[in-house]
Amino acid sequence: MAYTRKDVSTLTRAERRRFVKAMLEVKRRGEYDEFVRMHIEFYVSDGEGGLRTAHMTPSFLPWHRRFLIELERALRRVDSSVSMPYWDWTNDRSATSAPWTKDLLGGNGRRSDRQVMTGPFAYAEGNWTLKEGVTDGEFLTRDLGRARDPIALPTKSELAGALADPVYDVSPWDSTTTKGFRNRLEGWGTGRGPVAWRNHNRVHRWVGGAMVGGASVNDPVFWMHHAFVDLQWSRWQSRHRGARYLPAKPPGPGSKQRGRIVARHEKLPPWDVTPDSLEDVSRIYRYA
Amino acid sequence: MVVGVGGVPVGREPSAKGRARRTSRRDLLLGLFGSAAVAVALTPLVAASRSLRAAEPPADVVFDETYRGRHIRGIQTAATSAGRTLGDGQWHVTVDGRPLQLMRRADGTWLSMVDHYRSYATPLEAARAAVDELGPGQRLRDTGEEHMGGDHGVHA
C-alpha cells in the first residue's frame with residue numbers, strides 16, 4: 001500500500017522523533033554516506049562529456065525521485081512508519097520555521113565557522129559526523145539566507161512560472177534551456193548575481209554550507225527539499241494532463257546530446273529503471 | 001588538481017565550443033588585469049599575452065592572489081596536442097594549496113565543488129566564490145592528486 005509524504009510543518013511530535021531516529025540509524029549503519037557518494041559521483045556537468053543522469057538533464061527529476069525512494073527504503077527498514085516529509089519553502093521561509101527546529105533538523109550554522117550547533121544533527125551530539133565532504137570539517141554547516149549578502153528563497157510566483165510551462169523539457173536538454181518545466185524547476189539561470197539561481201538551485205544556495213556544495217546530501221534537508229521538488233513534478237503532471245517526460249526517444253546520430261541524456265524508455269543509471277517507469281509512483285507513495 | 005576543459009579526450013568535445021572558451025579565457029585575463037587585489041605572476045602572463053598576439057595556444061595563464069585572506073591560484077597548462085583550440089588546456093586551481101575541483105557548463109562557465117548550484121564566467125570568479133562559500137576557518141578537504149585528472153577528473 002502506498003505511504004504518504006507529509007508537509008514537514010505538519011508532523012506530530014512522535015512523527016518528528018521517529019523520522020530523526022530513523023535518519024540517525026541509517027547514518028550509523030553507514031548507508032547514508034553511500035547516498036552522499038552516489039550524488040557526488042553522478043554529478044556530471046553539461047560542459048563535460050559523458051552521460052548526465054542527475055543534473056543539467058531531463059532525468060534530473062526521475063533520478064532524484066528514485067534517489068529519494070532508495071533513502072526512504074533504507075529509512076523504512078529501520079521504521080516502517082517513516083516517510084520523507086517535504087519542506088514547502090514557499091510557505092516556511094524563515095531561518096526559524098520548520099524544518100529548522102531543535103526536534104527536527106536543528107538551526108542555522110553559527111557565525112564563526114557556520115557549524116550547526118543545535119538539534120540532532122549537530123556535531124557535538126556525536127551522531128552526524130561527515131565522512132564525505134568538500135571541506136575537512138566533519139561537522140554540518142549552514143548559512144541560511146546567506147548572511148554576507150542576503151538572498152531570499154524562491155517565491156510562489158517563481159515556482160508557478162515553472163509549473164505553467166506545458167512542455168517537460170526542450171532541446172538541447174541541458175542547463176542552457178530557458179524553456180521547459182524541468183530546467184525552470186531545476187533552476188539554471190543565465191547571467192550574474194542572484195538571477196543565476198532559480199527555484200531548486202536557489203534553495204540549495206539559500207541553505208548554504210554543505211547544501212551548496214557537491215556533498216549537499218550531507219544536510220538532511222536535501223531530502224525534504226527534493227521531496228518538495230518531486231511534488232512539483234506530480235503537480236505539473238496533474239495540471240498538464242497527458243504531458244510526458246521528454247525526450248521520448250534518444251537524440252539522433254548528429255546530435256551533440258546523443259549518448260549524454262536519458263530518453264523516456266532508456267535505463268537511468270545506476271538503476272535498472274526508466275524515466276517512463278518513474279512517471280507514475282502512485283503505487284509507492286502519495287503526497288498529503 | 002588537473003581539469004581538462006570539457007573533461008574528455010579531444011574529439012569527444014561537448015557543446016562548449018571554441019567561442020565560449022575564448023570568451024572565458026579573455027574574461028579571465030580581464031579579471032586579472034582589472035583587479036587591484038591581484039598579485040600577478042608576471043612571467044607566465046607575459047608569455048600568455050605574447051601567445052595571444054601570435055594566435056598560438058598560451059604557455060600558462062596564472063592567477064595568484066589573496067582573496068579574503070585565502071590564497072587562490074589558478075594555472076592553465078598549455079595544450080600541446082595538435083588540433084586543440086585556444087584555451088583548451090588544463091586547469092589547476094587551488095585554495096590555500098588544496099585543489100579546488102572545477103566543472104564546465106555547456107555555456108562555457110565554471111562551477112566548483114564548493115559552490116555546485118550556479119556557475120561563474122571564469123575559473124577565477126569560481127575560485128573567489130568558493131572562498132566566499134567556504135566561510136571562516138574551513139579548508140578544502142585534501143583529497144590528494146591521485147583522484148584528479150583523467151577522463152573524469154573534473155568532478156569528484
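This report describes a helix packing in chain A and a set of paired strands in chain B of a predicted model.

## Basis of the description

In this predicted model, local features need pLDDT of at least 70 and side-chain atom pairs count only at pLDDT 80 or more, whereas totals for chains, interfaces and linings use all residues. Residues are numbered from 1 along each chain as its sequence is written, and chains are lettered from A and ligands numbered from 1 in the order in which they are written.

## Helix packing in chain A

From H3(A), the contact (C-beta atoms, placed from the backbone, within 7 Å) draws on Leu61(A), His64(A), Arg65(A), Leu68(A) and Leu71(A), and from H7(A) on Trp223(A), His226(A), Ala227(A), Val229(A), Asp230(A) and Trp233(A). The residues of this contact divide into 7 nonpolar, 2 polar and 2 charged.

## Strand pairing in chain B

Strands S3 (residues 70-77) and S4 (residues 90-95) of chain B pair (at least two DSSP bridges) in the antiparallel sense over 6 bridges, and Ile75(B) has His92(B) of S4(B) as its bridge partner.

S4(B) also pairs in the antiparallel sense with S5 (residues 98-99) of chain B, over 2 bridges, with Thr94(B) standing opposite Pro99(B) of S5(B). The hairpin of S4(B) and S5(B) has 2 residues between the strands, and in this hairpin Asp96(B) takes a positive phi near 50 degrees.

Terms used
Axes are lines fitted to C-alpha atoms, for helices over the stretch in contact, and angles run from 0 to 180 degrees between N-to-C directions. Helices (H or I, at least four residues) and strands (E, at least two) are DSSP runs, numbered from the N terminus. Two residues are in contact if their C-beta atoms, placed from the backbone, lie within 7 Å. Ala, Val, Leu, Ile, Met, Phe, Trp, Tyr, Cys and Pro count as nonpolar, Asp, Glu, Lys and Arg as charged, and the others, Gly among them, as polar.
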